[in-house]
Amino acid sequence: MRVLQVCAEIFPLLKTGGLADVAAALPPALRTQGADVRVLLPGFAPILHGLEEASVVAELRPPLGMHLAHGTRLLYGWLPACQVHAYVIDAPAYFRRDGGPYDDHGDNHLRFGLLGWVAAALAQGMDGYWRPEVVHAHDWHAALAPAYLRAAEESQHRRLAGTVYTVHNLAYQGMFGAHRFGELGLPGHFYAVQGLEFHGHVNFMKGGLVYANRITTVSPSYAREIQSPEQGVGLDGLLRSRAAELSGILNGVDPEVWHPGHDRHLAAHYDADDLSGKARCKAALQAELGLALDPDVPLACVVSRLAEQKGLHLVLQALPRFIAVGGQFALLGSGEAWMESAFRQLAQAHPESVAVRIGYDEPFAHRLIAGSDVILVPSRYEPCGLTQLYGLQYGTLPLVRRVGGLADTVADTRLETIDGDATGFVFDAFDADALVAGARRALALFRRPDDWRLVQQRGMRQHWDWTGPARQYLHLYRSLVH
Ligand code: ADP
């Protein structure tokens, strides 16, 4: 089974969110189960620099709207940091820029249209040595791949490859002015309500949702939720019409990167049988952050983008009450400026109890999650969520809202579930009172160390690696090829 994964970022070379983790972890997991997997990526500087043994596959001559300098090429090579073979689009004018990978300088439709166009070209034999049987595109950046493929299939009257489109976050759809459509080189009838048109705009996400043979998203609950007007971001009707081809497959966690038994970022290692190393991680973290050195004070953490989606304003509202009952709190994140400064102010007001680090820091994320007792994920919506899974692996009990992938991965602790399936704390309402009530229940359990340990160990013994998800994706691919 030859599978091409198409995405815009990949860990550890370029990451803005969970998408990069998936892009890095899924190919090796599929390979272990016998698939022949390659990835297609835009040539952002860190990705090009990470490419070894590169050879030129083709000079690119995309549709006329994509004004590429002569000599723009598709490269093929090996990404040692990701252990995967990759096609990389070497288009310096498009991808070698300062700033974030998705900053729009007025040509994002062309930059990411090119990504989809190259995927479709590979399915048509651009590389004479390898041609995918399945093209699997991720998020809006890659969403035109199924559209270009469908256009090629219509004009050539033959099937070229099976297509799968995965929604990692429905809120980011890739919208552009209608006048941009003509520059994409797609057939005119693709600009229609049953195509890419969306309220007078071009919507890239719809390219995936309309034209892919199968649609997946990253948890069964999110797959259901996005079919409702509340969470459908305007696309729920389309998603309902494709319900038979839509499913949810949870993300996994790469145990090479996230396991407290061998995590190279930690002060001490530990596992479910011996948690003493976790106490050392907590002490080291309290010292690093200047928090009161006390093993008996519950320490809650957040590792997150500071975006409205993540519900962290609830944490801001709830924190004074949490500190008042003796809790400590530490946050690592970056995003909306008002939230960054609100968290900073709280830390200044309570230096012994609150620590805030603004920025993106992979090693610190590991130390923070290992050294904390609880990890908070109070999201408004959450397609899958990864940090609650890290929490489960690290004996850091997740306190989460019952939504999306959080609902699918964390089992609430109540008296009757402590000996059953409890792995964390789950609350329903999207308000600070519900979060505080959840935190109270966490505190009550924390004061009963034997029960706390039982719940910790249960989560740590769960398997969240990619074996299961990869099996489900392969099953899906096979249904398209045979
Ligand atoms: P999303 O993709 O919506 O941001 P996920 O929970 O799926 O949320 O994935 C977030 C990923 O980004 C996790 O791997 C998390 O550890 C990481 N992350 C988020 N913020 C930071 C940060 N400030 N520093 C380091 N890692 C971060």
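Me: Where does the largest pocket lie, and why there?
Reply: Domain 1 (2-252 + 466-481) and domain 2 (276-460) both give residues to the lining of the largest pocket, so it lies between them. Keep in mind that this is a predicted model.

Me: OK. What volume does the largest pocket have, and how many residues line it?
Reply: The volume of the largest pocket is about 1000 Å³, and 44 residues line it. Thr 16, Gly 17, Gly 18, Arg 305 and Lys 310 lie nearest its centre.

Me: Which helices and strands supply at least two residues each to that lining?
Reply: The helices are α1, α5, α13 and α14 (387-393), and the strands are β13, β14 and β16 (374-377).

Me: And how does the lining of the largest pocket split by class?
Reply: There are 20 nonpolar, 15 polar and 9 charged residues in the lining of the largest pocket.

Me: What about the second largest pocket, how much space is in there?
Reply: About 710 Å³ lies in the second largest pocket. Its lining has 30 residues, and Ala 25, Asp 254, Pro 255, Glu 256 and Val 257 lie nearest its centre.

Me: Which element gives the largest share of the second pocket's lining?
Reply: That's α1, with 6 residues. By class, the lining of the second largest pocket has 15 nonpolar, 8 polar and 7 charged residues.

Me: Which domains does the second pocket's lining draw on?
Reply: Domain 1 (2-252 + 466-481) and domain 2 (276-460) each supply at least three residues to the lining of the second largest pocket.

Me: Switching to cavities. How many of 30 Å³ or more are there?
Reply: The count is 1 cavity. The volume of the largest cavity is about 40 Å³.

Me: What lines the largest cavity?
Reply: Pro 146, Leu 149, Arg 150, Glu 153, Thr 163, Tyr 211 and Asn 213 do. Helix α6 (residues 144-156) provides the largest share of that lining, 4 residues. Sorted by class, the lining of the largest cavity has 3 nonpolar, 2 polar and 2 charged residues.

Me: New topic: helix α10. How far does it reach?
Reply: Helix α10 (residues 276-289) has 14 residues and spans 20 Å from its first C-alpha to its last, close to the 20 Å expected at 1.5 Å a residue.

Me: Which residues of α10 are buried, and what covers them?
Reply: Gly 277, Lys 278, Cys 281, Lys 282, Leu 285, Gln 286 and Leu 289 are the buried ones in α10. The cover over the buried residues of α10 includes strands β13 (299-306), β14 (328-335) and β15 (354-358). Helices α13 (362-371), α16 (432-446) and α17 (449-460) are also among the elements covering them.

Me: Is Leu 275 buried or exposed, and why?
Reply: Leu 275 counts as buried because its relative accessibility is 16%, and buried means under 20%. Leaving out residues up to four places away in sequence, Leu 275 touches Tyr 270, Arg 453, Gln 456, Gln 457 and Met 460.

Me: How far apart are Leu 275 and Pro 12?
Reply: Their C-alpha atoms are separated by 29 Å, and the two residues are 263 apart along the chain.

Me: What's going on in the backbone at Pro 12?
Reply: A cis peptide bond joins Phe 11 and Pro 12, with omega about 0°. Pro 12 sits in the loop between β1 (2-6) and α1 (18-32).

Me: How accessible are Gln 83 and Asp 139?
Reply: Gln 83 has 43% relative accessibility, so it counts as partly exposed. Asp 139 is at 8%, so it counts as buried.

How values were computed. Residues numbered from 1 in each chain as written. Predicted model: local features only at pLDDT ≥ 70, side-chain atom pairs only at ≥ 80, totals over all residues. Heavy atoms only, no water. 1 Å grid on protein atoms, 1.4 Å probe; cavity = no way out; pocket = protein on both sides within 12 Å on 5 of 7 lines; lining within 4 Å. Points joined across faces, edges and corners; volume = space filled by probe spheres on them. Nonpolar A, V, L, I, M, F, W, Y, C, P; charged D, E, K, R; others polar. Expected span 1.5 Å × (residues − 1). Buried < 20%, exposed > 50% of the residue type's maximum accessible area, 1.4 Å probe, protein only. Contact = heavy atoms within 4.5 Å. Domains from an automatic or database assignment.
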